[in-house]
Amino acid sequence: GDFDLTVNGDKQANKVAVFEEGSWKGLGSGLGNSSSQIVNTALAVGNDVYFGGVFAVPYGSANAKKNFARWNGEVDFTEYAPASTGGVTLQNTPREPVVADKHFFLDYKGPSGDPYAFAQIGDYIYMAGGFLTTAGDPNMKNLARFHLQWERWEPVPGINANHANFIRALHADAEGNLWVAGDFTSIGGVEAGKVAKFDPKT
């Protein structure tokens, strides 16, 4: 969220915290270093937690906003070198670790604006919000997906640079469908009044 948790004058948590064994604890140095930065959403996948919002590299420049991060607790902070193949921007080439906070991975080229929601289906995290690009690609506008094994961003079929409306909520149902809700009257060329269902298998 948009908070700093301070105990006895000592900052304990910066934008992200966990309630464990009866008390609140911060996660490393946290995410964001100003009141204008915020973490909007989080999703646990196995032992990892993914965060989305508008925030900078821990201990980094206020202008070095990443907006998408993974908490691991065992690995060093690592950036990913961007590459492009067949219209899909890849993020799966690790650079040498840049030690800023040993608990966080931050994607080198995440969304350009606010992610509002995450949902997981299979090997993908779907990310929705109000952003013009993801990984610099305008065809991943307001909705994109991140492959957990390959660590790369991919477009969602039917979403491209013409999709102008924010997507504000996501839900993955038991059948593996993705439900989306937002400020749209059509999506992927199909008329839909604020709510639509996407079947990743088709």
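Strands E13 and E14 run antiparallel and are joined by four bridges, where strands (E, at least two residues) and helices (H or I, at least four) are DSSP runs numbered from the N terminus, and two strands pair if DSSP finds at least two bridges between them. The structure is a predicted model, in which local features need pLDDT of at least 70 and side-chain atom pairs count only at pLDDT 80 or more, while totals for chains, interfaces and linings use all residues. Residues are numbered from 1 along each chain as its sequence is written, and side-chain values use heavy atoms, with hydrogens and water left out.

**Confidence**

- The chain has a mean pLDDT of 76, and 71% of its residues reach 70 or more; pLDDT is the predictor's confidence in each residue, from 0 to 100.
- Over residues 59-63 pLDDT stays under 50, and the model has eight contacts beyond four places in sequence for this stretch, a contact meaning heavy atoms within 4.5 Å.
- Over residues 75-100 pLDDT also stays under 50, and here the model has 77 contacts beyond four places in sequence.
- Where pLDDT is low, the predicted coordinates should not be read in detail.

**The sheet**

- Four strands form an open sheet in the order E11-E12-E13-E14, with antiparallel pairing, and its edge strands, each pairing on one side only, are E11 and E14 (152-155).
- Neighbouring strands of this sheet are turned by 30 degrees against each other on average, direction ignored; the axes are lines fitted to C-alpha atoms (for helices over the stretch in contact), and angles run from 0 to 180 degrees between N-to-C directions.
- Strand E11 (residues 114-121) is joined by seven bridges to the antiparallel strand E12 (residues 124-130), and within these strands Pro-115 stands opposite Gly-129 in E12.
- The hairpin of E11 and E12 has two residues between the strands, and Gly-122 takes a positive phi near 60 degrees there.

**Aromatic residues**

- A search of the whole structure finds nine aromatic pairs, where rings of Phe, Tyr and Trp (its six-membered ring) pair if their centres lie within 6.5 Å, and planes under 30 degrees apart count as stacked, over 60 as edge-to-face and the rest as tilted.
- The rings of Phe-68 and Phe-146 form a tilted pair, because their planes stand at 55 degrees, with the centres 5.0 Å apart.
- This pair links distant parts of the chain, with Phe-68 in strand E7 (residues 68-71) and Phe-146 in strand E13 (residues 143-147), 78 residues apart.
- Phe-68 is buried at a relative accessible area of 3%, and Phe-146 is buried at 6%, on a scale where buried means under 20% relative accessible area, exposed over 50% and partly exposed in between (1.4 Å probe, protein chains only).
- Phe-146 also stands opposite Trp-153 in E14, and one aromatic cluster is formed by Tyr-50, Phe-68, Phe-118, Phe-146 and Trp-153.
- Tyr-124 and Tyr-126 have ring centres 6.1 Å apart and planes at 50 degrees, so this pair is tilted; Tyr-124 is buried at 17% relative accessibility, and Tyr-126 is buried at 0%.
- Arg-145 lies over the face of Tyr-124, at 4.4 Å from the ring centre, a charge sitting over a ring if NZ of Lys or CZ of Arg is within 6 Å of the ring centre and within 35 degrees of the ring normal.

**The loop between E12 and E13**

- Ala-135 is found in this loop and is buried, with a relative accessible area of 8%.
- Ala-135 and Lys-109 lie 26 residues apart in sequence, yet 4.3 Å apart in space, C-alpha to C-alpha.
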